[in-house]
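Me: I would like to go through some terms used for a protein structure. Please show it to me before we start.

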Amino acid sequence: MADWTELSYAVVDVEGNGHRPPDLVELAVVPIVGGVIGEPVSWLTRPDHAITPMAQGIHGITNRDVADAPVFADIKDDILKALDVSAFVAHNAHVDANVLRRKLPGWVCPEVFDTLKLARRFVPGQASFRLGSLIEAFQLAEGLPHDMRPHRATFDALVAARLFVQLATAAGSLEELRGTPPGGRADEAPTLF
């Protein structure tokens, strides 16, 4: 059985401008290498369309905050470097992965681990599986700087990284984390003997 720490992970959170489909205004990536959470990297980026009042109310990023930020094309290479890992991790991962797929044509998303799905599997019985609820339930924000706040990319990526490490540690093996049954691939019925 493989240990989950054998892979390198990028824990990602994106904040959008409130349009459909959402455009990126903030991105954070937290590396996990050898099971150890590394230093986050984050970028503010100027979207093609203004940030809506609704989105500003959620994450607090204003159009003024991103007025002098680089456009995505200017930071694309740095982002690709941060995403050059074995696995992509996020809470409700399809949302973050889809935003990045739109912004990075040709980028091949690595194996995905969704902390929302993992939490439902490994810690069932929670009142809610929203990231904010899991932060409280597992004290994931403990020790973070007081100027960090929920719904900002760095905060959300850091607490998602802490959640992932807890869940992966509980899983123990990479196969269990993946949900791979003993003796076969995830799409195969487990062997009986």
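Reply: What follows is a set of questions about terms and the values behind them. This is a predicted model, in which local features need pLDDT of at least 70, side-chain atom pairs count only at pLDDT 80 or more, and totals for chains, interfaces and linings use all residues. Residues are numbered from 1 along each chain as its sequence is written, and side-chain values use heavy atoms, with hydrogens and water left out.

Me: Why is Ala90 called buried?

Reply: Buried means under 20% relative accessible area, exposed means over 50%, and partly exposed lies in between, with a 1.4 Å probe and protein chains only. Ala90 has a relative accessible area of 0%, so Ala90 is buried.

Me: Where is Ala90 found, and which residues is Ala90 in contact with, leaving aside its neighbours within four places in sequence?

Reply: Ala90 is found in strand E5 (strands are DSSP runs of E, at least two residues; helices are runs of H or I, at least four; both are numbered from the N terminus). Contact means heavy atoms within 4.5 Å. With neighbours within four places in sequence left aside, Ala90 is in contact with Val12, Asp96, Phe113, Asp114 and Thr115.

Me: Why is the pair of Trp4 and Tyr9 called tilted?

Reply: A pair of aromatic rings is described by the distance of the centres and the angle of the planes. Rings of Phe, Tyr and Trp (its six-membered ring) pair if their centres lie within 6.5 Å; planes under 30 degrees apart count as stacked, over 60 as edge-to-face and the rest as tilted. The centres of Trp4 and Tyr9 are 6.0 Å apart and their planes are at 50°, so the pair is tilted.

Me: What makes Tyr9 and Phe164 a link between distant parts of the chain?

Reply: Tyr9 is in strand E1 and Phe164 in helix H7, 155 residues apart. Their aromatic pair is tilted, with 4.8 Å centre to centre and 55° between the planes. Trp4, Tyr9, Phe113 and Phe164 form one aromatic cluster.
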